[in-house]
Amino acid sequence: MSCWDTIADYALRSVGVGERLLPRSDFTLCQQVTLIGSGMIWNIYFGLLALLSGFFLATALAMAKAAHSPLLRKPAEWFIFVFRGSPLFIQFFFAYFLFLSLKNVYPVFSPLTSAWLGALVVLFLNTSAYSAEIFHGAMLSIPKGDVEAADAYGMSGWPRFRRIIWPTMLRLAWPAYTNEAIFLFHATALVFFSGFPATQQMGDALYYANYFADKTFNPFVPYPILAVYFILLTLSVIGIFGIVNRRLNRHLPQAARARIRLRPMLVR
Amino acid sequence: MFPYCSDPNAISGLTWLSCYLTTGKHTSLYLSFLTVLVLLAITAPVALVFGFGGATAARSRFAPLSWLGKGYIGIVRGVPDIAFFLFFVIALDQAFEYLRHKIKCPDWDQPIRQGNDFVVCAAAKLPLGDAPQWVHETYGFFLAVLTFSIIFGAFAANVLYGAMQAVPRAQIETAEAYGMSHGQSFRRILVPQMWVYALPGLSNLWMVLIKATPLLFLLGVEDIVYWARELGGTKTPKFTDYPHEDWRMWYFGALLVFYLVFTRVSEVVLARVMRRLTHGQATMGGEAQRKAAA
């Protein structure tokens with residue numbers, strides 16, 4: 001069987017298209033590269049959707065945390081504290097069993113017990129909390145003069161937020177937010193190890209890497225393959241966020257622009 | 001545990017709960033919290049030593065050593081840490097067995113990798129085939145600690161490397177002007193001063209380390225996650241005196257609260273340490289303290 005056949009069989013295996021049976025013996029390098037790459041579909045799916053949806057909740061939470069009214073501030077502070085103060089791994093487990101109990105009472109909740117929706121909800125809430133903290137910090141460091149200038153132009157409320165506060169906040173938060181995005185993608189590797197079952201062996205990249213490591217008892221092939229995929233993913237995230245960063249900073253002189261620096265401090 | 005627990009079917013409410021929560025298996029759950037704390041207590045200093053070694057190596061003027069240090073620091077960037085956990089546990093185990101195999105069975109002629117098997121001679125197995133259960137568990141725990149230390153050592157190396165760079169250059173120049181050698185100025189000037197710059201990063205790292213402890217479960221150690229899954233699952237009257245439905249949600253809820261309290265307490269303590277360390281330092285924080293007191 002040539003490598004092209006393997007790719008045709010397994011390239012979309014993680015979403016249930018192609019050959020059903022996973023290879024059981026005589027593992028080739030081609031099979032490992034194809035299947036682990038196929039699993040990356042799930043990592044990208046979880047990361048992308050959680051990031052896009054989390055962005056909006058994070059902005060709202062950051063606003064709420066900066067609000068004067070304790071009715072808005074307290075819930076936002078607690079939400080951020082709960083999701084940032086506990087391990088994502090435990091959050092996954094707790095959410096999975098919570099959804100299971102809910103499903104027994106109301107069958108409407110049954111999609112939540114499968115990974116594609118349940119894990120996505122957890123990741124969405126988690127990244128919202130982390131990003132909200134970043135946005136909140138950025139909001140506090142908006143130069144006083146910018147807001148005063150907006151006031152002087154007679155802006156207030158929504159126009160002031162949309163035209164001054166929000167763009168400046170994003171510009172200041174962007175380097176840290178890039179890190180958050182990278183580590184969110186890394187966190188997606190936890191999904192299939194934390195309660196959420198992989199139906200019909202449709203799992204993410206780490207799921208397949210672990211499958212091969214278990215079967216061949218040789219961790220030195222599948223994990224480096226996984227590492228290469230994730231490094232490529234990280235580089236593309238940095239590239240895309242870098243383009244946005246340039247656009248956010250385009251009104252500034254070259255020297256004053258914030259550079260994105262990768263800091264590996266955001267494991268959850 | 002209590003005398004009234006002899007017949008669990010006759011009691012109910014809080015009495016039942018008090019008996020239920022003190023069964024032998026629950027004691028194992030409580031002891032596994034100790035496992036987590038022991039892991040933290042060993043890993044934190046060992047990782048700090050690894051980190052110090054890595055940072056010193058990265059600063060070295062001898063290029064290959066500096067590449068080694070920078071490679072170690074860079075190793076955890078770009079790849080999920082959980083992949084490293086899963087990788088190192090098998091890789092370290094095989095590395096140890098391979099080394100012992102080379103030493104103990106020099107006249108072994110078969111290949112070590114036979115298809116999908118990793119075969120070493122019986123004397124090189126770790127732990128030995130006839131070892132008691134506790135040796136197996138301790139070995140597993142040891143591997144887990146080593147894995148954690150290697151990964152968090154790389155994080156710590158990154159923080160310490162940054163802290164060493166942050167110490168004002170003038171301090172080192174002054175030391176050199178006094179005729180101190182490279183090693184002397186490193187020991188006497190750089191290392192004592194770098195901690196205040198390193199502490200924010202190290203406290204962040206401590207939080208991350210706390211939040212990484214549930215990953216012990218993936219390394220095959222019987223930790224709190226393992227016991228929460230075991231004890232929370234549905235129990236039928238056939239197998240236990242305390243039957244209940246699926247309570248895993250409540251057990252994991254309890255773990256969530258445990259971690260929240262733990263990180264909160266750490267945060268408060270570390271903020272205090274930071275205040276103590278900034279006292280009298282020529283930094284923004286130290287200046288703010290001086291002004292507040294005056």
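How far apart do the end C-alpha atoms of residues 139–161 of chain B lie, and how much of that span is helix? Hi everyone, let me start there. The ends are 32 Å apart, and the span is 100% helix and 0% strand. Please keep in mind that this is a predicted model.

That stretch comes from a UniProt record. The unreviewed entry lists "transmembrane region" for chain B at residues 30–52, 72–92, 139–161, 194–219 and 249–270. Take residues 30–52 of chain B as another example: here the model gives 100% helix and 0% strand, with 34 Å between the end C-alpha atoms.

Chain A has such annotations too. Its unreviewed UniProt entry puts "transmembrane region" at residues 44–64, 76–99, 181–200 and 220–244. Residues 44–64 of chain A are 100% helix and 0% strand, and their end C-alpha atoms are 30 Å apart.

Now for chain A as a whole. The C-alpha trace spans about 70 × 50 × 25 Å along its principal axes. Chain A has 268 residues, and 43% of them count as buried. If you take the contacts in chain A between residues at least 6 apart in sequence, 72% join residues at least 24 apart.

Let's zoom in on one helix pair, α8(A) and α9(A). Their axes come within 8 Å and cross at roughly 165°. Because of that angle, α8(A) counts as roughly antiparallel to α9(A). The crossing of the two is right-handed. Which residues of α8(A) and α9(A) meet? From α8(A) we have A:A205, A:L206, A:A209, A:F212 and A:A213, and they meet A:P222, A:Y223, A:I225, A:L226 and A:Y229 of α9(A). By class, that contact has 10 nonpolar residues, with no polar and no charged ones.

Last topic, the interface. On chain A, 36 residues are in contact with 37 residues of chain B. The elements giving two or more residues to chain A's side are α3 (70–85), α4 (88–105), α8 (205–216) and α9 (222–248). The largest share, eight residues, comes from α4(A). And the class make-up of this side of chain A is 26 nonpolar, eight polar and two charged residues.

Methods:
Residues are numbered from 1 along each chain as its sequence is written. Chains are lettered from A and ligands numbered from 1 in the order in which they are written. This is a predicted model: local features need pLDDT of at least 70, side-chain atom pairs count only at pLDDT 80 or more; totals for chains, interfaces and linings use all residues. A residue is buried if 20 or more other C-beta atoms lie within 10 Å of its own, exposed if 12 or fewer, and partly exposed in between; C-beta atoms are placed from the backbone. Two residues are in contact if their C-beta atoms, placed from the backbone, lie within 7 Å. Helices (H or I, at least four residues) and strands (E, at least two) are DSSP runs, numbered from the N terminus. Ala, Val, Leu, Ile, Met, Phe, Trp, Tyr, Cys and Pro count as nonpolar, Asp, Glu, Lys and Arg as charged, and the others, Gly among them, as polar. UniProt positions are given in the numbering used here, feature names are shortened, and annotations may be inferred rather than shown by experiment. Axes are lines fitted to C-alpha atoms, for helices over the stretch in contact, and angles run from 0 to 180 degrees between N-to-C directions. Angles under 35 degrees count as roughly parallel, over 145 as roughly antiparallel, 65 to 115 as roughly perpendicular and the rest as oblique. A crossing is left-handed if the near helix is turned anticlockwise from the far one by less than a right angle, and right-handed if clockwise.
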